Protein chains: 2
Amino acid sequence: MLERHEIEAFLTLGDELHFGRTAERLHVSTTRISQTVAKLERRVGAALFHRTSRRVALTEAGRQLRDELRPAWDQVNAAVRRVSGTVSVAFVGAAGGQFVLRIVERYRERHPAAEVPVREAQLGEFATWLLDGVVDVALVPYPIEVPGLAAGGVLISEARMLAVSAQDPLAARQAVPVAELADLPVLPPAATFQEMLTCVGSGRGVLPVGAHVRRYYARPDVAYLPLTGADPVEWGLAWHAERADARVVALNRVAHEVVRGGASAA
Amino acid sequence: MLERHEIEAFLTLGDELHFGRTAERLHVSTTRISQTVAKLERRVGAALFHRTSRRVALTEAGRQLRDELRPAWDQVNAAVRRVSGTVSVAFVGAAGGQFVLRIVERYRERHPAAEVPVREAQLGEFATWLLDGVVDVALVPYPIEVPGLAAGGVLISEARMLAVSAQDPLAARQAVPVAELADLPVLPPAATFQEMLTCVGSGRGVLPVGAHVRRYYARPDVAYLPLTGADPVEWGLAWHAERADARVVALNRVAHEVVRGGASAA
DNA sequence: ATGTCTTACGGAAGACGTAATAATA
DNA sequence: TATTATTACGTCTTCCGTAAGACAT
């Protein structure tokens with residue numbers, strides 16, 4: 001019945017309520033949106049938008065169509081994304097980005113039609129992203145303690161180190177036994193990792209980190225010491241348990257292949 | 001992502017597993033189906049059909065896509081049909097057809113984009129049709145005793161008459177009191193109305209009918225007599241209670257307007 | 001040999017953008 | 001007057017059918 005470009009023009013205009021922004025999002029001219037929507041209204045036989053040159057609003061019929069069409073159309077697109085292997089991936093931290101890129105590269109070789117967008121997530125965000133469907137998979141530090149998320153198994157294991165201020169007397173030592181942590185001012189989680197390192201650098205506390213941080217977050221104000229006796233930091237993929245999918249298992253398999261193929265943590 | 005004609009070609013070919021029949025159903029050439037499906041497969045990045053010049057079958061990916069795409073696409077079309085006012089209507093009996101056509105004509109005036117297919121149903125069929133979604137609304141004799149169906153109110157009320165064989169001594173009388181029915185061989189329901197009238201004509205029994213039957217089913221072998229004292233026969237619209245919809249209420253309203261506007265039973 | 005899917009190619013429909021116009025605040 | 005939607009029109013993609021080819025039974 002309706003053509004794809006009509007559906008997308010209608011739904012986007014229903015979101016934006018503005019022909020210019022709609023055209024921009026759809027990478028066409030505003031003219032096209034105007035004509036497409038007009039044609040769609042003729043076809044449906046009812047006005048879908050009230051519009052003056054100053055305001056755009058959905059009519060009752062438009063609201064009804066949007067409410068019914070949006071979920072259905074989303075499902076259509078989800079179906080083709082799944083069959084084409086399109087997966088969106090997030091990573092946490094700089095090293096994760098490096099590693100994810102290698103995984104995605106290998107995955108793309110096997111799914112040439114798949115689009116695999118990669119985004120960076122902050123430590124505090126990734127759980128929400130996965131649960132809300134912002135991304136399908138994320139490379140995150142284990143263990144995952146969020147209910148509803150599933151883990152794909154450890155991919156990277158790295159030594160745990162301690163980030164301390166370069167000014168701190170600790171910085172002169174070779175290593176710190178893990179038992180000493182109890183006596184040190186360990187920083188609480190913050191929104192971004194750089195933020196926490198800045199706190200470390202200013203001497204407000206210390207922070208246990210993975211070994212890769214030494215290389216990816218080298219700073220003059222922060223020193224990194226081995227945390228002797230500590231458990232290693234482990235990384236792996238995570239996803240929304242109920243939305244698990246042929247695509248995510250495929251991506252997880254590829255990730256483990258990349259690891260076995262000699263790729264190791266930074 | 002996918003174009004309408006691609007989706008329809010894919011889903012139809014998934015049904016038919018035959019390019020020729022698919023092309024026929026879609027009113028295009030087989031060439032088009034071949035090219036469209038080929039393009040779709042390139043776009044998705046996976047073969048959707050195994051095919052030789054002798055056999056067509058869905059691949060695993062094709063099966064998956066079909067299973068996910070079909071319900072989503074059906075929803076898209078249902079949304080469009082609802083907003084455009086498209087309704088499918090069935091009627092029972094010849095007089096019902098006349099009346100339904102008048103209702104539909106008026107309805108179409110108000111919903112110029114609506115397609116309103118009209119079909120005839122046999123007495124024994126209409127409930128199944130409504131429950132299965134074969135049609136959205138039906139004009140049927142009341143009362144409706146099928147659970148799950150809703151009634152739109154009496155539209156037509158006509159005198160009840162008795163169909164008897166022209167050979168029967170009864171045929172000579174002016175009328176039959178309803179009390180006498182208990183002593184007469186009333187025919188049980190059969191698949192079609194003509195079938196039952198044939199039984200009446202052959203003298204196997206009598207049949208209470210609505211007054212319009214006298215005019216629409218006049219036969220030399222059947223005579224119609226007033227059934228004095230009997231309740232009238234009532235007709236009205238029926239629909240699937242849970243799928244009730246702006247369209248069916250609109251159609252029901254139009255039907256009542258047509259009745260009030262001076263249109264009466266045959 | 002026949003039925004069936006695919007490739008080659010010319011024609012038509014319509015999707016698209018630029019420029020000019022109308023309408024609102 | 002400035003912003004925004006609509007109309008007019010020419011271009012160009014691509015959808016489509018006919019005819020010929022390839023393939024399987």
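Student: Which strands does helix α9 of chain B lie across?
Tutor: Helix α9(B), residues 246–260, lies across β5, β6 and β11 of chain B. Its direction runs at about 10 degrees to β6(B). Keep in mind that this is a predicted model.

Student: OK. What's the strand order in that chain B sheet?
Tutor: The order is β4-β3-β5-β11-β6 in chain B. It is an open sheet of five strands, and the pairing is mixed.

Student: Why is one side of β4 and of β6 in chain B left without a neighbour?
Tutor: β4(B), residues 118–121, and β6(B), residues 149–158, stand at the edges. Each has a single partner strand, so one side of each has no neighbour in the sheet.

Student: And the twist, how many degrees?
Tutor: From one strand to the next, it averages 25 degrees.

Student: How do β3 and β4 of chain B run, parallel or antiparallel?
Tutor: Parallel, with four bridges joining β3(B), residues 89–92, to β4(B). For an example, look at B:A90, whose bridge partner in β4(B) is B:R119.

Student: What does helix α5 of chain B touch?
Tutor: Helix α5(B), residues 94–110, packs on the sheet and touches β3, β4, β5, β6 and β11 of chain B. Its direction makes about 150 degrees with that of β3(B).

Student: Switching to chain A. What order do the strands have there?
Tutor: In chain A the order is β4-β3-β5-β11-β6, in an open sheet of five strands with mixed pairing. The edges are β4(A), residues 118–121, and β6(A), residues 149–158. Neighbouring strands are turned by 25 degrees against each other on average, direction ignored.

Student: How many bridges join β6 to β11 in chain A?
Tutor: Seven, and those two strands run antiparallel. One pair to find is A:A151 with its bridge partner A:A238 in β11(A).

Student: Which helices pack on that sheet?
Tutor: Helix α5(A), residues 94–110, touches β3, β4, β5, β6 and β11 of chain A. Helix α9(A), residues 246–260, packs there too, touching β5, β6 and β11 of chain A.

Student: New topic, domains. How is chain A divided?
Tutor: Domain 1 covers 4–82, domain 2 covers 85–156 + 233–260, and domain 3 covers 160–228.

Student: How far apart are domains 2 and 3 of chain A?
Tutor: Their C-alpha centres lie 27 Å apart. Seven residues of domain 2 of chain A are in contact with nine residues of domain 3 of chain A. That side of domain 2 has four nonpolar, three polar and no charged residues.

Student: How many residues of chain B are in contact with chain A?
Tutor: 28 residues of chain B are in contact with 28 residues of chain A. On chain B's side, α3 and α4 each give two or more residues. α4(B), residues 60–84, gives the most, with 15. By class, that side has 16 nonpolar, seven polar and five charged residues.

Student: Last one. Which residues come nearest to DNA strand C?
Tutor: Out of 22 residues around DNA strand C, the nearest are A:S29, A:T52, B:F19, B:S34 and B:S53.

Student: Which elements supply that surface?
Tutor: α3(A), α2(B) and α3(B) each supply at least two residues. The largest share, five residues, comes from α3(B). By class, the surface near DNA strand C has 13 polar, five charged and four nonpolar residues.

Note on methods: Residues numbered from 1 in each chain as written. Chains lettered and ligands numbered in written order. Predicted model: local features only at pLDDT ≥ 70, side-chain atom pairs only at ≥ 80, totals over all residues. Near = placed C-beta within 6 Å. Nonpolar A, V, L, I, M, F, W, Y, C, P; charged D, E, K, R; others polar. Pairing = 2+ DSSP bridges. Axes fitted to C-alpha atoms, helices over the stretch in contact; angles between N-to-C directions. Contact = placed C-beta atoms within 7 Å. Domains from an automatic or database assignment.
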